[in-house]
Amino acid sequence: MQDHHVERGRLLIVEDEPSIRELLCASLRFAGFTVSSAATGGEALTAATRDRPDLVLLDVMLPDRDGFEVVRRLRAAGVRVPVLYLTARDSADDRITGLTIGGDGYITKPFSLEEVVARVTAVLRRTRPGIESEQLSCGDLTLDVESHTVRRGERMVELSPTEFRLLHYLLRNTGRVVSKAQILDQVWSQDFEGDTGVVESYISYLRRKVDADGPRLIHTVRGIGYMIRP
């Protein structure tokens with residue numbers, strides 16, 4: 001079986017409220033996206049121009065300038081990245097303004113994380129056909145992103161949310177060695193203050209479940225990190 005390694009997309013989250021920003025970043029990483037963030041309109045303009053994300057989730061109410069001004073400046077600079085607005089302002093005038101200047105839709109606060117993932121996925125399907133893959137696989141191991149299920153051959157593998165994120169990250173890097181620091185950053189988030197011992201523990205948990213039968217897929221590269229390969 002050919003290994004399937006497809007990136008779901010690179011997102012920029014622009015939100016000045018730290019708790020909301022961190023929740024969105026963690027949830028969208030869990031759903032398989034590569035995520036960066038900004039807290040102000042100025043940071044958003046710099047990041048969107050420099051990093052060229054596939055989509056921007058943009059709070060309308062920012063401390064230095066509103067989201068509409070951010071989009072106006074991006075469009076004036078020739079940056080055509082799709083934008084989904086996050087807003088508590090739900091008036092018809094605001095919606096018309098936001099869409100007219102080049103937005104791709106609204107998500108109204110308070111929102112559910114499932115709604116955010118669904119809306120982001122829908123816009124990326126429309127703007128970047130083929131960017132999303134429903135399944136990642138290595139040998140007879142298959143991870144389904146949409147249903148959050150894992151199978152080894154015919155056997156269903158029950159994983160905790162953290163184990164699922166770890167396996168997802170390894171599968172996205174099939175055949176490549178990833179360091180403990182990289183795993184901490186992508187699976188436990190950039191703000192995690194723990195040590196790399198937690199990575200070793202979770203690799204051990206994952207091996208017991210994934211490599212319980214059949215050839216070993218998760219390998220240690222001593223002094224460097226871990227990799228998954230057939």
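Tutor: Begin with contacts. Two residues are in contact when heavy atoms lie within 4.5 Å. Keep in mind that this is a predicted model.

Student: Which residues is Val-79 in contact with, leaving aside its neighbours within four places in sequence?

Tutor: Its partners are Ala-48, Thr-49, Arg-52 and Leu-74. Val-79 itself sits in the loop between H3 and S4. Thr-49 is 30 residues away along the chain, yet the two C-alpha atoms are separated by 6.9 Å.

Student: Is Val-79 buried or exposed?

Tutor: Buried means under 20% relative accessible area. Val-79 has 2%, so it is buried.

Student: Arg-52 was among those partners. What is the phi of Arg-52?

Tutor: Start with the general idea. Most residues other than glycine have a negative phi, and most peptide bonds are trans. Arg-52 is not a glycine, but its phi is positive, about 50°. Look for Arg-52 in the loop between helix H2 (41-51) and strand S3 (55-59). Its relative accessibility is 45%, so Arg-52 counts as partly exposed.

Student: And the peptide bonds? Which kind joins Lys-109 to Pro-110, cis or trans?

Tutor: That bond is cis, with omega near -5°. Pro-110 belongs to the loop between strand S5 (106-108) and helix H5 (113-127).

Student: Next, aromatic rings. What describes a pair of aromatic rings?

Tutor: The distance of the centres and the angle of the planes. Here the count comes to 4 aromatic pairs. One of them joins Phe-30 and Phe-164: the centres are 5.8 Å apart and the planes 45° apart, a tilted pair. Phe-30 lies in helix H1 (residues 18-30) and Phe-164 in helix H6 (residues 161-172), so the pair ties together parts 134 residues apart in sequence.

Student: What is the relative accessible area of Phe-30, and what is that of Phe-164?

Tutor: Phe-30 has 22% and is partly exposed. Phe-164 has 4% and is buried.

Student: What kind of aromatic pair do Phe-68 and Tyr-85 form?

Tutor: An edge-to-face pair, with 5.3 Å centre to centre and 80° between the planes of Phe-68 and Tyr-85. Phe-68 is in helix H3 (residues 67-76) and Tyr-85 in strand S4 (residues 83-87), 17 residues apart. Both Phe-68 and Tyr-85 are buried. Ring pairs also bring in Tyr-106, making a cluster of Phe-68, Tyr-85 and Tyr-106.

Student: Now helix packing. How do the axes of H7 and H8 cross?

Tutor: Crossing angles from 65 to 115 degrees count as roughly perpendicular. The axes of helix H7 (residues 180-187) and helix H8 (residues 197-210) cross at roughly 85° and come within 9 Å. H7 and H8 are therefore roughly perpendicular to each other.

Student: Which residues meet there?

Tutor: From H7, Lys-180, Ile-183 and Leu-184; from H8, Val-198, Val-199 and Glu-200. The residues of this contact divide into 4 nonpolar, no polar and 2 charged.

Student: Last, strands. In which sense do S11 and S12 pair?

Tutor: In the antiparallel sense, over 4 bridges, between strand S11 (residues 218-221) and strand S12 (residues 225-228). Val-221 has Gly-225 in S12 as its bridge partner.

Student: How many residues lie between S11 and S12 in the hairpin?

Tutor: There are 3 residues between them. In the turn, Gly-223 has a positive phi of about 80°.

Conventions:
Residues are numbered from 1 along each chain as its sequence is written. This is a predicted model: local features need pLDDT of at least 70, side-chain atom pairs count only at pLDDT 80 or more; totals for chains, interfaces and linings use all residues. Side-chain values use heavy atoms; hydrogens and water are left out. Axes are lines fitted to C-alpha atoms, for helices over the stretch in contact, and angles run from 0 to 180 degrees between N-to-C directions. Helices (H or I, at least four residues) and strands (E, at least two) are DSSP runs, numbered from the N terminus. Angles under 35 degrees count as roughly parallel, over 145 as roughly antiparallel, 65 to 115 as roughly perpendicular and the rest as oblique. Ala, Val, Leu, Ile, Met, Phe, Trp, Tyr, Cys and Pro count as nonpolar, Asp, Glu, Lys and Arg as charged, and the others, Gly among them, as polar. Buried means under 20% relative accessible area, exposed over 50%, partly exposed in between (1.4 Å probe, protein chains only). Rings of Phe, Tyr and Trp (its six-membered ring) pair if their centres lie within 6.5 Å; planes under 30 degrees apart count as stacked, over 60 as edge-to-face and the rest as tilted. Two strands pair if DSSP finds at least two bridges between them.
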